[in-house]
Amino acid sequence: SGSVCFLPTFFQASFRNIFTYMASTSALLLSAVALVGAVLVAFWFAPSPSSPSVKVKTFRAIVIGATGATGREIVVKLAKMDSCTEIRALVRREVDVASSFPGIGEAASKLSLIVTDFDNLWSQREHFFDCDVAFSCVGTSRANPAVKADMEKDGDDAGFEKWLKKVDLGYSKAFAETAAKAGVKHLTRISARGADSKNMGSGFNLYHRYQGLADEAVLGLAEKFSHGVTCLRPGLLNRGEMARQHEAELYKKYTGLEVGLLAEASIKEWGNVLNAGMTYAKRVIELKDIVQLVGADPEKYGV
């Protein structure tokens with residue numbers, strides 16, 4: 001049998017009206033609260049009129065080989081980026097900023113030059129802390145007076161190999177190890193086309209061998225970086241006013257990749273990692289991919 005209500009019909013109707021009113025009022029209050037909440041959230045997270053529509057992450061960078069042809073291009077381009085708040089450049093000696101980094105202008109305020117003993121990079125580890133990305137552009141050349149002296153004293157191959165082992169391999173590896181231990185998120189290394197640790201030839205083949213050995217050493221540390229490691233392998237470089245004598249002759253026959261484009265590719269690769277949250281362990285970018293990354297003409301560079 002059904003339940004029986006002992007309240008008079010009048011009271012039953014009154015209670016029903018009260019409950020209906022309370023329910024509708026609660027619904028209205030909940031709707032109002034939701035609306036106010038949505039407005040507050042939209043206001044709180046809305047960009048200011050001067051802000052970009054897409055959130056840009058900021059970062060700090062550290063660079064070795066900063067005064068070389070590619071390194072200085074990277075430094076200047078980073079300095080002119082709103083998202084880059086500081087660049088720390090490891091240098092062997094004090095240099096004039098304006099002449100060493102042409103075009104940096106007022107953006108030089110972001111640049112800190114750190115005179116460093118490259119044979120003891122770990123002693124400078126405090127400068128790596130709180131940096132997000134490291135750019136490794138260090139390398140030697142047979143045109144270097146010290147290299148020339150050793151080539152004359154010990155023979156071309158022995159003298160050149162001594163410096164390739166010390167600089168291209170040794171400094172590159174030590175820089176990467178220090179960056180990894182200091183918690184730097186990502187490292188980009190400027191390598192070379194044809195890098196091959198198994199190349200046992202003489203002459204300039206030594207250069208390709210040590211580039212390969214350096215790549216292997218750096219890529220072997222990739223998992224110690226939260227955002228991995230990238231090695232870029234361009235071919236002949238057009239260093240502009242910093243061109244070496246033998247390169248000037250090559251430019252008559254071949255088109256070298258402008259160091260400005262290589263710097264742009266290095267920074268774009270980091271931007272992809274930073275903004276897309278890419279966490280791949282290791283990546284090697286050959287000349288063809290470098291050209292594609294900066295939107296240059298592949299035919300111009302023979303790829």
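**Close-up views of aromatic rings and their partners**

The accessible surface of the protein, in this predicted model, comes to about 16,800 Å², and carbon and sulfur atoms account for 56% of that surface.

**View 1. The whole protein, for orientation.** The protein has nine helices and nine strands. Of its 303 residues, 40% are buried. Among the contacts with a separation of 6 or more, 73% are between residues 24 or more positions apart.

**View 2. Phenylalanine 59 and tryptophan 270 form an edge-to-face pair.** The structure holds four aromatic pairs, and this is one of them. The ring centres of phenylalanine 59 and tryptophan 270 lie 5.7 Å apart and the ring planes meet at 80°, so the pair counts as edge-to-face, the cut-off being over 60 degrees.

**View 3. Phenylalanine 204 and tyrosine 207 form a stacked pair.** Here the ring centres are 4.8 Å apart and the planes are at 20°, so phenylalanine 204 and tyrosine 207 are stacked. Phenylalanine 204 has 34% relative accessibility and therefore counts as partly exposed. Tyrosine 207, at 17%, counts as buried, because the limit for buried is under 20%.

**View 4. A charged end sits over the ring of phenylalanine 160.** The charge belongs to arginine 142, and its distance from the ring centre is 5.4 Å.

**View 5. A charged end sits over the ring of tryptophan 122.** Lysine 181 supplies this charged end, 5.2 Å from the centre of the ring.

How values were computed
Residues numbered from 1 in each chain as written. Predicted model: local features only at pLDDT ≥ 70, side-chain atom pairs only at ≥ 80, totals over all residues. Heavy atoms only, no water. Helix = DSSP H or I, 4+ residues; strand = E, 2+ residues; numbered from the N terminus. Buried < 20%, exposed > 50% of the residue type's maximum accessible area, 1.4 Å probe, protein only. Contact = heavy atoms within 4.5 Å. Areas by Shrake-Rupley, 256 points an atom, 1.4 Å probe, with all protein chains shown as cover. Phe/Tyr/Trp six-rings, centres within 6.5 Å; stacked < 30°, edge-to-face > 60°. Lys NZ or Arg CZ within 6 Å of the ring centre and 35° of its normal.
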